[in-house]
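Biologist: Hello! Could we go through this model together, one question at a time?

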Amino acid sequence: MERVRDMKGTGHGTYMEIKDEKEVMRISANEPRCVIHFFHSNFRRCEIMDKHLATLAPKYFSTRFIRVFVENVPWLVERLSVKVLPCVISFKNGVSKDRIIGFEELGNSDAFDTAVLELRLIQCGVIQKESSSASQPTYNVSQPARQHIRSQNHDDDEFDLD
């Protein structure tokens with residue numbers, strides 16, 4: 001409980017803007033998993049990316065989601081070679097693991113689903129699905145199929161060996 005309270009206090013579960021370049025570096029270096037969106041307020045596509053990341057932040061509490069205005073972090077923009085916006089860089093234990101530039105890899109459309117971004121972040125390991133599905137089967141049989149199987153099994157109760 002104390003760890004969760006501490007994490008909430010540091011911004012976990014929220015999507016927040018960080019304005020100080022040193023703070024951005026501290027977060028990316030010290031958080032086990034971190035997603036940083038480099039944005040500019042005049043870019044409509046950055047607003048679209050913000051919407052998707054704001055949806056994912058509360059869902060993946062153990063990952064820190066932040067946004068940084070490129071004009072506030074000129075040294076980082078130069079150091080990380082951020083040239084096209086929106087740019088989302090994923091960090092794991094202080095190491096850059098993935099970079100999403102624009103929307104080309106998300107379907108090349110402004111109307112991409114949040115699930116596409118979510119899958120990309122899962123694949124690079126920066127977000128992790130909760131293991132609550134461990135007790136659930138990896139497949140489900142629909143109700144009509146179950147009824148069909150039951151009716152077949154009922155007919156098979158009697159064997160005709162002739």
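Biologist: What does the accessible surface of the protein chain come to, and what share belongs to carbon and sulfur atoms?

Modeller: Happy to start there: this is a predicted model, in which local features need pLDDT of at least 70 and side-chain atom pairs count only at pLDDT 80 or more, while totals for chains, interfaces and linings use all residues. Residues are numbered from 1 along each chain as its sequence is written, and side-chain values use heavy atoms, leaving out hydrogens and water. By the Shrake-Rupley method with a 1.4 Å probe, where for residues only the protein chains shown count as cover, the accessible surface is about 10500 Å², and the carbon and sulfur share is 50%.

Biologist: In what order do the elements of the protein chain run from the N terminus on?

Modeller: Helices (H or I, at least four residues) and strands (E, at least two) are DSSP runs, numbered from the N terminus. The chain has 6 helices and 5 strands. Their order is α-β-α-β-α-β-α-β-β-α-α.

Biologist: Why is the pair of F39 and F69 called tilted?

Modeller: Rings of Phe, Tyr and Trp (its six-membered ring) pair if their centres lie within 6.5 Å; planes under 30 degrees apart count as stacked, over 60 as edge-to-face and the rest as tilted. The search of the whole structure finds 2 aromatic pairs. In one of them, the centres of F39 and F69 are 5.6 Å apart and the planes stand at 50°, so the pair is tilted.

Biologist: Which parts of the chain does that pair link?

Modeller: F39 and F69 are 30 residues apart, so to speak distant parts of the chain. The pair joins F39 in strand β2 to F69 in strand β3.

Biologist: What angle do the planes of F103 and F112 make?

Modeller: The ring centres of F103 and F112 are 4.9 Å apart, and the pair is edge-to-face. The angle of the planes is 70°.

Biologist: Which ring does the charged end of R67 sit over?

Modeller: A charge sits over a ring if NZ of Lys or CZ of Arg is within 6 Å of the ring centre and within 35 degrees of the ring normal. R67 is found in strand β3, and its charged end lies 3.7 Å from the centre of the ring of F39.

Biologist: Is R33 buried or exposed?

Modeller: Buried means under 20% relative accessible area, exposed over 50%, partly exposed in between (1.4 Å probe, protein chains only). R33 has a relative accessible area of 13%, so R33 is buried.
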